[in-house]
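Trainee: I am new to this structure. Could you take me through it one feature at a time?

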Amino acid sequence: MAFDIEMIKQVYAQMGTRIDKARELLGRPLTLTEKILYAHLWDKTPNTVYTRGKDYVDFAPDRVACQDATAQMALLQFMHAGKPKVAVPTTVHCDHLIQAKVDAATDLKRANETSSEVFNFLESVSNKYGIGFWKPGAGIIHQVVLENYAFPGGMMIGTDSHTVNAGGLGMLAIGVGGADAVDVMAGMAWELKFPKLIGVKLTGKLSGWTAPKDVILKVADILTVKGGTGAIIEYFGEGALAMSCTGKGTICNMGAEVGATTSTFGYDDSMDRYLRATDRADVADAALDVKQHLTADPEVYADPGNYFDQVIEIDLSTLEPHLNGPFTPDLATPISKMSEAAKANDWPLNVEVGLIGSCTNSSYEDISRAASLAKQVAQKNLTTKSKFTITPGSEQVRYTIERDGLIDTFNEIGATVFANACGPCIGMWDRYGDKAASGPRNTIVHSFNRNFAKRADGNPNTLAFVGSPELVTAIAIAGRLDFNPVTDTLINNDGQEVRLEEPRGYELPPEGFAVEDAGFMAPEADGSHVQVVVSPDSQRLQLLEPFVPISSASLQGMKLLIKAFGKCTTDHISMAGPWLRYRGHLDNIANNTLIGAVNAFNKKTNFVKNQLTGEYGGVPDVQRAYKAAGIKTLVVGDHNYGEGSSREHAAMQPRHLGVAAVLVKSFARIHETNLKKQGMLGLTFAQESDYDLIQEDDTFNFIDIDAFAPGKPLTIEVAHSNGAKDTILANHTYNASQIEWFKEGSALNVIKKENA
Ligand code: F3S
């Protein structure tokens, strides 16, 4: 039901010829990453050698997945594309909007009440446009994708950074913004800068207390949170072959924490076993037939330094369990050094809560290994010192571990099982009610992926350490951050010294996976009759109106909205946090537009001059006043404007409010593209120093906008309030089709026109 074997067979049928052609072009053996990339070119047959880290290349991904928070705007936009169905298999997963507070059943019921409007909307749009819908409680997007859709050698994109998890099944799976997802769903190409390649050779074998999680915690230590930027990490070596498929998923999942575009592993027996265990023998058979294409050419792994931009080697036999944190996932401490490190840094040793599960670590192997420790609590007459929670990644995992008695084992140590959803991992953990912002200093350990301040519980004073589920469980039993289960003993309720035995588990459930209702709703074959209903009074959803093209006349007499000073990220342009709930309502969320940007003239945030009244006000209010007066505005910015996430709201909101142009020293590329897609002008100062010419009361005239053409700078007349004028040049990177987007009002308007 849930996967498309015909599509997979088609991908495999084309792979050989394309890979052969790429090998011939490059004149050398290929890495797995290169094979998958060259086999997924939009132009089909490779005919160009791309330069890593430089060339932008169009690709044709096989699948799209969206989670509920990001899907809202993506689907609202897709509805405008004028397509009767999505062009590639697509799924929507309801996982982010479920708060963890009491237990799975209570929390799920509450989420279904408070967010029913959003869930119903996502369900009806999915049904209408041929999108598979995973309802609330079905599981976390990445676990569900691994169980149902990921396949070796495939390429997918997803509107969530941890989409990369599917690399565990040998895919190239990449996190993107909603606008990119819409392009692919509408049948357009998807552009990516051809990545650099990092090879990680795993020698030795994991054993004892060390888990796949420790591999990525070590990689984070080596690469830091930025070290993987613009690169794909390819793992190989005997250590990789000996590891479970889900363990590989954990490693790929946290590749996002080193900034990597994605991570992947070559096809091996562990993937074959996982595919068969998850009811996909046909995919396993198809993969076996082309297995030479699903791993690098043998010469590559024999001499990796010749083929990768960087090679890292890790010996799994000597790798120690690690805890990374607090506040950053690359601050790695081997467990044997934790006592020292905690003392030196004054980290509270008492661990209040241990949390396992999430999309990163809730495989059957993870849970059964953690349960083998929980079992020892009763056997050794211990009492678990910390609170303990489990967030299963999917209903299939939850049902299976319940059937196998593992939930009972956790219940015996007083655990809380939360809903199969993101919950504590995305700050949807109601640990303190409305007192989170001033919560006490405390320590938690979890098996999730991110541990930035406030990420889990909203409390900036919570120190979160990331570790494997087995280490988290042992530490929760001991209640101490400096407990090293490899060497330390515990005193039990009889006053005896006892030792926890090494965790043991099963790679896959001995009796197979089982589930009663996985939570999947297949779309109707013909959804054309399905009505998508959005209440006009809704505060959370708003149907989009097509953007009206920005006319040449409206680009004369424009006013300055804000000259942003210093860093201006997508968070400054469209803040997250409490605004998340408005992600599907453009007009409501527009009330946060640029409220985090610093005004260069007074160094304040959200305090700009309204040139019509001379008064100062919040950016959205002042912008709405210009809009009401029919005056377009311009935003000026510094370097790397729009860095951060690929969130398209940061372009859609200014566009919705009437900003016509953004003129900066330099752009973060994805944001620049997002501005283009929304039919705006994204420009850079030809002379950086012209930034200093811009004054608070300036008016702008785009003199030669009618001659807007690729490679030709635009001329802007800047009229100052003292009557003086400057003429400046603005560079741009619009190609002919992007100029068409501008002329038609947006990229979506162009797609719609083509489909009319
Ligand atoms: Fe959800 Fe946390 Fe994973 S937010 S998708 S469980 S990273």
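This is a predicted model: local features need pLDDT of at least 70, side-chain atom pairs count only at pLDDT 80 or more; totals for chains, interfaces and linings use all residues.

Trainee: Into which domains is the protein divided?

Mentor: Domain 1 covers 5-315, domain 2 covers 322-498 and domain 3 covers 553-755. For domain 1 and domain 2, the centres taken over C-alpha atoms are separated by 27 Å.

Trainee: How many residues does each of these two give to the contact?

Mentor: Domain 1 gives 39 residues and domain 2 gives 41 residues.

Trainee: Which elements give two or more residues to the side of domain 1 that touches domain 2?

Mentor: They are helix 4 (104-114), helix 6 (141-148), helix 8 (212-223) and helix 10 (245-253). Helix 8 gives the most to that side of domain 1, with six residues. Sorted by class, the side of domain 1 that touches domain 2 holds 15 nonpolar, 14 polar and 10 charged residues.

Trainee: Let us turn to the ligand. Which residues around the ligand come nearest?

Mentor: There are 13 residues around the ligand, and Ser358, Cys359, Cys422, Cys425 and Ile426 come nearest. In the shell around the ligand, seven residues are nonpolar, four are polar and two are charged.

Trainee: From which domains does the shell around the ligand draw at least three residues each?

Mentor: Both domain 1 (5-315) and domain 2 (322-498) supply at least three residues to that shell.

Trainee: Which residues of helix 3 and helix 7 meet?

Mentor: Helix 3 brings Thr70, Met73, Ala74, Gln77 and Phe78, while helix 7 brings Gly178, Ala181, Val182 and Met185. Six residues of this contact of helix 3 with helix 7 are nonpolar, three are polar and none is charged.

Trainee: Is helix 11 roughly parallel or antiparallel to helix 12?

Mentor: Helix 11 (residues 269-277) and helix 12 (residues 281-289) pack at about 150°, with their axes 7 Å apart. Helix 11 is therefore roughly antiparallel to helix 12. Asp272, Leu275 and Arg276 of helix 11 make the contact with Ala281, Val283, Ala284 and Leu288 of helix 12. Of the residues in the contact of helix 11 with helix 12, five are nonpolar, none is polar and two are charged.

Trainee: How do the axes of helix 24 and helix 25 cross?

Mentor: The axes of helix 24 (residues 736-744) and helix 25 (residues 747-755) cross at roughly 90° and come within 7 Å. That angle makes helix 24 roughly perpendicular to helix 25. On one side are Glu740, Trp741 and Glu744 in helix 24, and they meet Ala747, Asn749, Val750 and Lys753 in helix 25. The contact of helix 24 with helix 25 counts three nonpolar, one polar and three charged residues.

Trainee: And how should I read the backbone?

Mentor: Most residues other than glycine have a negative phi, and most peptide bonds are trans.

Trainee: Which residue has a positive phi although it is not a glycine?

Mentor: Thr224 does, with a phi of about 65°. Thr224 sits in the loop between helix 8 and strand 9 (231-236).

Trainee: Is the peptide bond from Gly325 to Pro326 cis or trans?

Mentor: The bond from Gly325 to Pro326 is cis, with omega near 0°. Pro326 belongs to the loop between strand 12 (322-324) and strand 13 (332-334).

Definitions and conventions:
Residues are numbered from 1 along each chain as its sequence is written. Two residues are in contact if their C-beta atoms, placed from the backbone, lie within 7 Å. Helices (H or I, at least four residues) and strands (E, at least two) are DSSP runs, numbered from the N terminus. Ala, Val, Leu, Ile, Met, Phe, Trp, Tyr, Cys and Pro count as nonpolar, Asp, Glu, Lys and Arg as charged, and the others, Gly among them, as polar. A residue is near a molecule or strand if its C-beta atom, placed from the backbone, lies within 6 Å of it. Domain bounds come from an automatic or database domain assignment. Axes are lines fitted to C-alpha atoms, for helices over the stretch in contact, and angles run from 0 to 180 degrees between N-to-C directions. Angles under 35 degrees count as roughly parallel, over 145 as roughly antiparallel, 65 to 115 as roughly perpendicular and the rest as oblique.
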